[in-house]
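I opened this model to note how its parts pack and pair. The entries below follow the order in which I looked things up.

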Amino acid sequence: MTTHPTTLPVDAPLIKAAKLMRDQGIGDVLVTKEGLLCGVVTDRDIVVRAVAEGRDINLTPLGTLCSSDVVSVGPDQSSDEVVRLMREKAIRRIPVVEGNRPIGIVSLGDMALERDPDSALSDISAAPPNG
């Protein structure tokens with residue numbers, strides 16, 4: 001699990017999320033409302049749902065774009081359960097919440113590093129981000 005996930009409020013503009021993703025070498029930002037998890041926005045969401053549709057990324061708030069049907073887990077969830085959810089829901093990242101407050105995020109790469117450290121996905125996941 002990656003602790004201290006990057007979060008932004010639901011009314012933050014898309015450009016802010018895109019710059020954070022670039023600067024931190026990440027592919028997602030957790031979207032919050034009053035500190036509680038309410039959505040996830042990915043780099044792909046920004047490209048497909050905003051840029052490709054001609055939205056103004058300086059004015060469009062994250063809340064209009066983020067996925068709101070968020071699958072999350074608690075900090076005590078087993079890695080088997082996380083993998084099961086990723087498979088079942090076809091998702092690559094799962095926020096970790098405590099009382100619906102985001103405390104971390106588990107990615108497909110995190111699971112590969114833990115469960116199959118000799119795999120190609122583990123090697124890719126362990127490499128520093130392109131920059």
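I started with the contact between two helices: Leu-14, Ala-17, Ala-18 and Met-21 in α1 meet Asp-43, Ile-46 and Ala-50 in α2. Contact here means heavy atoms within 4.5 Å. Helices are DSSP runs of H or I with at least four residues, strands are runs of E with at least two, and both are numbered from the N terminus. The model is predicted: local features need pLDDT of at least 70, side-chain atom pairs count only at pLDDT 80 or more, and totals for chains, interfaces and linings use all residues. Residues are numbered from 1 along each chain as its sequence is written, and side-chain values use heavy atoms, with hydrogens and water left out.

I then looked up the geometry of this pair. Two packed helices are described by the angle between their axes and the distance between the axes. The axes of α1 and α2 come within 10 Å and cross at roughly 140°. Axes are lines fitted to C-alpha atoms, for helices over the stretch in contact, and angles run from 0 to 180 degrees between N-to-C directions. α1 and α2 are therefore oblique to each other. Angles under 35 degrees count as roughly parallel, over 145 as roughly antiparallel, 65 to 115 as roughly perpendicular, and the rest as oblique.

Next entry: the nonpolar cores. I found 13 residues in the largest one, where Ala-17, Val-41, Ile-46 and Leu-62 have the most contacts inside it. A nonpolar core is a set of buried Ala, Val, Leu, Ile, Met, Phe, Trp, Tyr and Cys residues joined through side-chain atoms within 4.5 Å. Buried means under 20% relative accessible area, with a 1.4 Å probe and protein chains only. At least two residues of this core come from each of α1 (14–24), β3 and α2 (43–51). α1 gives the largest share, 3 residues. I also listed what Leu-62 touches, leaving out residues up to four places away in sequence: among them are Leu-8, Pro-13, Ala-17, Val-31 and Val-41. A second, separate core has 9 residues, including Val-73, Val-83, Ile-94 and Val-96.

I turned to the sheets. Which strands make up the mixed one? Its 3 strands form an open sheet in the order β2-β3-β4. β2 (7–9) and β4 (36–42) are at the edges with a single partner strand each, so one side of each is left without a neighbour in the sheet. On average, neighbouring strands of this sheet are turned by 35° against each other, direction ignored. Strands pair if DSSP finds at least two bridges between them. β2 and β3 (residues 28–33) pair in the parallel sense over 3 bridges, and Leu-8 has Val-31 in β3 as its bridge partner.

The other open sheet has 3 strands in the order β1-β6-β5, with antiparallel pairing. I checked β1 against β6 (residues 101–107) and found 2 bridges: Thr-3 stands opposite Gly-104, and Thr-2 opposite Ile-105. β5 and β6 are joined by 6 bridges, and Val-96 has Gly-104 in β6 as its bridge partner. β5 and β6 form a hairpin with 2 residues between them, and Gly-99 in the turn has a positive phi of about 65°.

My last entry is helix α3 (residues 79–89), which lies across β5 and β6 and runs at about 130° to β5.

Definitions and conventions
Buried means under 20% relative accessible area, exposed over 50%, partly exposed in between (1.4 Å probe, protein chains only).
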